[in-house]
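Here's a quick briefing to read with the model open in your viewer. Start with the loops, then move on to the helix packing.

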Amino acid sequence: MDMRDMTVIRESVAGDEVEMLFFALQRARAQFAWKCGGLDETGLRKRLPPSNMTLGGLLKHLARAEDERVSTFLTGEPMGPPWLRENFEADPDWDWNSAADDSPEELYALWRGAVERSQAAWSRVLADGSLDEPSVFTTESGESPNLRRVLVDAIEEYIRHTGHADLLREAVDGLVGDDPPQPS
C-alpha cells in the first residue's frame, strides 16, 4: 500500500481535548507517511551526511516507538516480533540499523501494523476512562504518568521525526510541503 494514501482527518473546530489531541497525532502520522511514502529501497536508504539517518530507519524506529508505547504505557503486554530483546542487546540502535536489510514493503507494513495496534489500544484504554487515567507504567518512585502525558509524548515523537523525514525526502526527490494533498 502506498504510504501517501494516509490522509489527514479533518479536525472539528469545536472538538474536545481528546478529539484535538488525536487529530494532532493523526495529522503528524499522515505528514510522516507522506514524507516516507512511495519510495523504493534506494530512496528509503538514502542518507544526508553527516547523519546516518534514513527514511527506512525512521519508519522502523517509529514502528518501534508505537509498539513500545502500547506495551509500556497502555497494555503492559510484551512487544511481539520483530522487537526481540537480543537484537537490542547486540545493537542498541537495531531498529535504525537493521532497516537497511528490510524491503520497502516490509518497512511500510511494519509501521502501518504498529499504528493499527496503537489505535486499537488507545480505543480500548479510553473506552471507559479519560486522559486523566494513569498509564500502566510505574516509575521507580511509584508514579504513573497519565494517559494525557503518554499521548502528548506520542505526538512529540512524530513531530520531531517528521522534521527529519522532511529533510531526507527533499534530498531524495525534492518533495516539499507541510501536509499531504487532500482528496478532492
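P50 sits in the loop that runs between helix 2 (41-45) and helix 3, where helices are DSSP runs of H or I with at least four residues (strands are runs of E with at least two), numbered from the N terminus. The peptide bond from P49 to P50 is cis, with omega near 15 degrees. Bear in mind that this is a predicted model, where local features need pLDDT of at least 70, side-chain atom pairs count only at pLDDT 80 or more, and totals for chains, interfaces and linings use all residues. Residues are numbered from 1 along each chain as its sequence is written, and side-chain values use heavy atoms, leaving out hydrogens and water.

**Cis peptide bonds**
- Most peptide bonds are trans.
- Besides the P49 to P50 bond, which is cis, the one from P81 to P82 is cis, with omega near 5 degrees.
- P82 is in the loop between helix 3 and helix 4 (85-90).

**Helix 1 against helix 3**
- Helix 1 (residues 17-36) packs on helix 3 (residues 55-75) at about 150 degrees, with the axes 10 Å apart; axes are lines fitted to C-alpha atoms, for helices over the stretch in contact, and angles run from 0 to 180 degrees between N-to-C directions.
- That makes helix 1 roughly antiparallel to helix 3 (over 145 degrees is roughly antiparallel, under 35 roughly parallel, 65 to 115 roughly perpendicular, the rest oblique).
- On the helix 1 side, R29, F32, K35 and C36 meet L55, L58, L59, L62 and E66 of helix 3 (contact means heavy atoms within 4.5 Å).

**Helix 3 against helix 6**
- Helix 3 and helix 6 (residues 104-127) pack at about 25 degrees, axes 9 Å apart.
- So helix 3 is roughly parallel to helix 6.
- Residues making this contact include L59, L62 and E66 of helix 3 and W111, A114 and W122 of helix 6.

**Salt bridges**
- Searching the whole structure turns up 15 salt bridges (a side-chain nitrogen of Lys or Arg within 4 Å of a carboxyl oxygen of Asp or Glu).
- Since D166 is in helix 7 (residues 147-173) and K35 in helix 1, the pair ties together parts 131 residues apart in sequence.

**Confidence**
- The chain's mean pLDDT is 91, and 92% of its residues reach 70 or more (pLDDT is the predictor's confidence in each residue, from 0 to 100).
- Over residues 1-8 the pLDDT is below 50, and this stretch has 35 contacts in the model beyond near neighbours in sequence.
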